[in-house]
Amino acid sequence: MLHHDTATRRLLPLPIEDYALLGDCHTAALAGKDGTIDWLCFPRFDSPACLAALLGSAENGHWALHPAEPVLSVQRRYRENTLILETTFVTESGEVTLVECMPVEQEHRSLIRRVTAVRGNVQMRLSVLLRFDYGLTVPWVTRLHGEHGIRAIAGPDQLALRSTVPLHGRDLTTEALFLLEEGQTETFVLQHAPSHCPLPSLLDAETALAHTEQWWQAWCNQCTYQGPWRDAVIRSLIVLKALTYAPTGGIVAAPTTSLPEDPGGIRNWDYRYCWLRDAALTLSAFISCGYYAEAQAWRDWLHRSIAGDASQLQIMYGICGERELREWTVDHLQGYHKAYPVRIGNAASDQVQLDVYGIMAHVAQLGRAAGLGTSESAWSLQTHLLNWLQKIWKQPDQGIWEVRGGPKPFVHSRVMAWFTFDASLRDMERYGLPGPRDSWTQTRDDLYADICSKGFNEAIGSFVQFYGSDDLDASLLLIPRTGFLPYNDPRIQQTIVMIEKRLLHNGFLKRYETHGNVDGLQSTEGAFLACSFWLADAYALTGRKQEAVTLFEKLLSLRNDVGLLAEEYDPENNVQLGNFPQAFSHLALIHTALTLSAEQQE
């Protein structure tokens with residue numbers, strides 16, 4: 001039984017898996033299973049949060065709407081093929097359904113919450129505490145004239161909350177206590193506008209909800225994947241679409257910052273930016289499922305963002321291609337369940353990671369093969385990148401996992417550097433593109449020889465994390481995907497065996513062995529979900545098809561009640577870890593579903 005009382009507000013945020021995503025392809029919110037929104041950034045994904053209880057307490061900003069009496073049960077779902085959330089609360093006196101969404105294609109960012117008494121009469125409570133600047137700034141709050149509602153303003157932002165029931169203030173909190181009779185519906189709408197502009201006009205919530213439902217369902221109907229895991233694939237595609245910033249096509253890795261990968265630890269990062277590493281998987285997922293417009297927009301964002309001098313290529317950018325992502329900590333927030341620090345920005349944007357060059361080559365390869373439109377300068381830019389990579393590929397880097405323990409000659413990075421030249425040479429031949437063929441061929445062959453001699457550890461019969469190491473890394477599972485070696489090569493087979501032996505714990509795969517402190521963080525972490533999907537791919541492509549399906553189904557079972565995945569999973573405590581929901585996890589899910597479906601057809 002759940003008890004709700006604003007006098008005894010919960011002191012800590014809910015478990016990560018108890019949240020659901022709301023989004024409008026500009027920004028996002030996390031709505032809790034108890035009817036409380038604990039995270040909301042207006043007007044963009046990377047804007048300072050105005051509801052930040054997720055990373056602190058209710059005093060850092062929250063919006064609660066739920067029965068004021070004990071709740072016997074809670075069930076929630078998304079309306080079919082939409083991002084409209086429905087949560088049903090059952091109490092002794094009745095049953096109410098809370099409908100929440102962020103409507104699409106609106107002039108202003110908005111969040112709609114409508115609650116209906118399905119059965120009986122239920123006493124309801126609303127509590128809103130708005131705090132700008134990640135829970136720090138107390139806005140000036142005034143009543144709206146001639147209607148139930150408030151206006152909150154501070155600095156560049158203002159919010160308007162409109163209600164169909166009277167609101168009153170207490171200790172800087174806006175509240176309402178109202179009886180919802182059977183069949184009755186009450187509506188609440190929160191809207192954002194710049195503080196120098198007029199307040200947004202009243203939104204027709206019913207019309208906006210209907211349009212949003214139709215929009216999402218029409219978008220999902222474009223999906224061409226018809227395999228046995230269609231529902232899971234569509235939900236993951238919806239997550240990717242929701243994490244897309246519509247004006248530019250950029251896709252954030254997650255809508256949150258600083259949800260910990262290690263409970264109570266320091267592995268807390270800001271993921272509200274666009275990683276080049278996600279680019280090839282995203283493009284492949286969209287193209288494979290029939291979403292060419294999204295693939296084109298993402299590829300175009302990529303080209304605009306990386307344009308410039310090759311020596312200044314970054315591993316991530318802002319949603320409009322911003323390069324300055326300076327990292328700082330929010331000292332007034334205690335962190336999710338006191339996992340401090342809360343970080344804004346990401347210092348990894350300054351790292352050198354050689355694998356991103358391979359990602360760029362793969363994106364170009366996928367785009368050409370799919371017939372995506374391209375600029376005349378695309379090949380020129382790619383040539384510029386390869387010529388720069390020729391100069392730097394022997395340098396150590398921070399690798400796919402963005403380690404902060406110092407650069408090393410990571411094997412996965414070198415393999416992706418090899419792939420950069422191999423894929424580009426193949427495109428030169430296929431499409432008649434000009435370039436220094438002989439020079440690139442020599443570099444490709446030098447890389448191959450270097451990796452085979454230094455990246456393979458004869459003593460353990462496996463490729464290793466970095467040259468001279470005997471540690472394993474789940475990214476080694478990606479080697480055969482590049483064509484560097486086939487899956488049936490004994491070296492690949494033994495590498496898979498060693499990864500299972502060293503990194504597989506409680507049925508799920510870790511990224512790497514943390515005992516050597518390669519990442520400089522002196523802490524452990526949960527199982528990395530994308531890596532576990534990679535292992536399922538490896539099983540499928542090495543003939544272990546039943547094991548692949550079993551692992552995939554096990555991974556699907558980790559999704560929360562509305563089909564969402566974080567970055568990591570703690571199998572001992574059965575909780576999700578890390579930023580949520582995580583694009584990389586959902587991308588890996590889609591890729592594995594496509595792989596297994598293709599294998600079943602053979």
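This briefing walks through some helix packing, a set of salt bridges and one glycine in a loop.

The model is predicted, so to speak of a local feature takes pLDDT of at least 70 and to count a side-chain atom pair takes pLDDT 80 or more, while totals for chains, interfaces and linings use all residues. Residues are numbered from 1 along each chain as its sequence is written, and side-chain values use heavy atoms, with hydrogens and water left out. Helices (H or I, at least four residues) and strands (E, at least two) are DSSP runs, numbered from the N terminus.

**Helix H4 and its two partners**

- H4 (residues 279–288) is mostly covered, with 9 of its 10 residues buried; buried here means under 20% relative accessible area, exposed means over 50%, and partly exposed is in between (1.4 Å probe, protein chains only).
- The buried residues of H4 are Ala 279, Ala 280, Leu 281, Thr 282, Leu 283, Ser 284, Ala 285, Phe 286 and Ile 287.
- The axes of H4 and H13 (residues 583–601) come within 10 Å and cross at roughly 50 degrees. Axes are lines fitted to C-alpha atoms, for helices over the stretch in contact, and angles run from 0 to 180 degrees between N-to-C directions.
- H4 and H13 are therefore oblique to each other: under 35 degrees counts as roughly parallel, over 145 as roughly antiparallel, 65 to 115 as roughly perpendicular, and the rest as oblique.
- H4 passes H13 in a left-handed crossing, a term for the near helix being turned anticlockwise from the far one by less than a right angle (right-handed if clockwise).
- On the H4 side, that contact (heavy atoms within 4.5 Å) is made by Leu 281, Thr 282, Ala 285 and Ser 288, and on the H13 side by Phe 584, Leu 587, Ile 590, His 591 and Leu 594.
- Sorted by class, the residues of the H4 and H13 contact are 6 nonpolar, 3 polar and no charged. Ala, Val, Leu, Ile, Met, Phe, Trp, Tyr, Cys and Pro count as nonpolar, Asp, Glu, Lys and Arg as charged, and the others, Gly among them, as polar.
- H4 also packs with H6 (residues 355–370), at an angle of about 20 degrees and with the axes 8 Å apart. That makes H4 roughly parallel to H6.
- The crossing of H4 and H6 is left-handed.
- Here Ala 279, Ala 280, Leu 283, Ser 284 and Ile 287 of H4 meet Ile 359, His 362, Val 363, Leu 366, Gly 367 and Ala 370 of H6. By class, this contact has 8 nonpolar, 3 polar and no charged residues.
- Just after H4, Gly 290 takes a positive phi of about 90 degrees.

**H6 against H7**

- H6 and H7 (residues 378–392) pack at an angle of about 155 degrees, their axes 10 Å apart. H6 and H7 are therefore roughly antiparallel.
- H6 passes H7 in a left-handed crossing.
- From H6, Tyr 357, Met 360, Ala 361, Ala 364 and Arg 368 meet Trp 379, Gln 382, Leu 385, Trp 388, Leu 389 and Ile 392 of H7. This contact has 9 nonpolar, 1 polar and 1 charged residues.

**Salt bridges**

- The count comes to 32 salt bridges, each being a side-chain nitrogen of Lys or Arg within 4 Å of a carboxyl oxygen of Asp or Glu.
- Arg 109 pairs with Asp 24, with the closest N and O atoms 2.7 Å apart. This pair links distant parts of the chain, 85 residues apart: Arg 109 is in the loop between S8 (94–101) and S9 (110–120), and Asp 24 in the loop between S1 (19–23) and S2 (28–32).
- Arg 109 is buried at 8% relative accessible area, and Asp 24 is buried at 2%.
- Glu 322 and Arg 44 meet in a salt bridge at 3.1 Å, N to O. Glu 322 lies in the loop between S20 (316–317) and S21 (328–329) and Arg 44 in the loop between S3 (36–41) and S4 (49–51), so the pair ties together parts 278 residues apart in sequence.
- Glu 322 is partly exposed, at 28% relative accessibility.
- Arg 77, Arg 79, Glu 86 and Glu 213 are linked in a network of salt bridges.

**Gly 461**

- Gly 461 sits in the loop between S23 (456–457) and S24 (462–463) and counts as buried at 16% relative accessibility.
- Leaving aside neighbours within four places in sequence, Gly 461 is in contact with Phe 456, Arg 491, Gln 494 and Thr 495.
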